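Please keep the sequence and the 3D view open as you read.

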Amino acid sequence: MVAIPMTQREARIRWSGRVGLALLACVCANMAAAAEPVVEVVAGPHDRNGTLVVGALPSRLPLVELVDVNESSRSTIAQRIPGSDEYVWWLEQPLPAGTRRKYRVTEAGRDQRPEVAVEQDENAIVVQVGDRTVLQYNVATVQPPADLDPVYARSGFIHPLMTPAGHVVTAGFPKDHAHQHGIFSAWVRTEFEGRKLDFWNQRDLTGHVRHVSVDRIETGPVFAQFDVTLEHSDRSDPKQPRPVLKETWTVRVYHSKAPFLFDIVSTQTCVADSPLQVNEYHYGGIAFRGTTKWLNQETADFLTSDGHSRVAGNHTRPKWVAATGPFEEGPGTLTVLDHPANFRFPQPVRLHPSKPYFVFTPPFLGPFALPPGQPYVSRYRYFVHDGAPVTADYDRLWRDYGAPPVVQALTGGDAGE
């Protein structure tokens, strides 16, 4: 085939067409970028480093990619909270105090694999980060060892809870206090329709707590979550047990291989026609029972946000409590953070004088009622790691939890660099 040379006019037309297409592509790209929502994260007065951030995004995508407006090579994945049309969680990159960062909200790629896995069967829910087991929630009723009274059988509690190195920090049926079960929820001295109920001390046979249902399981690149329902029932008449409280747990385990990090949000609602009266007492609530390996060990102790240990810290009102104790390779530590939205925050804490057990316990400050249909919400964050307590880390974590960065949507000129 013989090539036919172009005239200058034809060449100019073709060149201008190519330039026009390039400009059109550039304009379209800029318009698409401009059309993408922009949000801003404001650090506030504290340095942020690996902070968990929750914010409302102007997008309904289940997974979004947040691309730094000023540094497009920097981005992070945000995962929507199950059941929410707006709110998502993500892990913020280092952000110094007094600074802010703008993100374009874009659709995340479809290949985002769950980083936190959940396995469920008829007995339990097990959560893993990578190849490391974090915790087990017991769905089925777990029977105590043969040398203990069967009355201590229990479902609806977390055990075992692990450190990243694989050490178990909880106990299920410790012989010294067989009614204490890893992480568990129960009130002690209560009254219901004139009857005294104890949901904590199982030998009394007046109150009982059990798992009822698994309501939701979600996995993703930022967190895995499971929602479960428990029932607190009046067993003072064993022939006619009556449900008194419905309790839901939302357990959200974040993508953090070391340390482990998770939240528990408990919502209790009185489902009877009469209120449950929670009377003043020195313990009761959502408790932690540590491993029996920490019994009678000099290095097993507590540390509070006020710097107190076991004896001095009992019934004080700290923002966080750390329980630590020895393993073969060194110490392990679990820290629980009290959320400022909790009832009677900062809540008093019961630190046992000799056992590895503690509980944030609002009844210590006096009685209160749980009226029918009115939710009672408790929020706690758990931080589990190998090694001795590190006060600076817990203070930073609590600031992120109790006074998190502000997330705001930007429009117009505010959305620029």
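This is a predicted model: local features need pLDDT of at least 70, side-chain atom pairs count only at pLDDT 80 or more; totals for chains, interfaces and linings use all residues.

Residues are numbered from 1 along each chain as its sequence is written, and side-chain values use heavy atoms, with hydrogens and water left out.

Strands are DSSP runs (E, at least two residues), numbered from the N terminus. Two of them pair if DSSP finds at least two bridges between them.

**The seven-stranded sheet**

Seven strands make up an open sheet with antiparallel pairing, in the order β2-β5-β4-β3-β6-β1-β27. At its edges are β2 (52-56) and β27 (406-410), each pairing on one side only. On average, neighbouring strands here are turned by 35° against each other, direction ignored; the axes behind such angles are lines fitted to C-alpha atoms, and angles run from 0 to 180 degrees between N-to-C directions. Within this sheet's order β3 sits beside β4, and E65 stands opposite I77 in β4.

**The four-stranded sheet**

Another open sheet has four strands in the order β13-β12-β18-β25, again with antiparallel pairing. Because β13 (195-197) and β25 (368-370) stand at the edges with a single partner strand each, one side of each is left without a neighbour in the sheet. Its neighbouring strands are turned by 30° against each other on average, direction ignored. In the pairing of β12 with β18, E191 stands opposite Q277 in β18.

Where does β8 sit, mostly covered or mostly open? Strand β8 (residues 124-129) is mostly covered, with five of its six residues buried (buried means under 20% relative accessible area, with a 1.4 Å probe and protein chains only). On one side, β7 and β8 form a hairpin with three residues between them, and E119 has V126 in β8 as its bridge partner. The hairpin of β8 and β9 has two residues between the strands, and G130 takes a positive phi near 65° there. In this second pairing, V129 stands opposite R132 in β9.

| Strand | Partner | Bridges |
|---|---|---|
| β3 (residues 63-68) | β4 (residues 75-80) | five bridges |
| β7 (residues 116-120) | β8 | five bridges |
| β8 | β9 (residues 132-138) | six bridges |
| β12 (residues 190-192) | β18 (residues 276-278) | two bridges |

Definitions and conventions: Buried means under 20% relative accessible area, exposed over 50%, partly exposed in between (1.4 Å probe, protein chains only).
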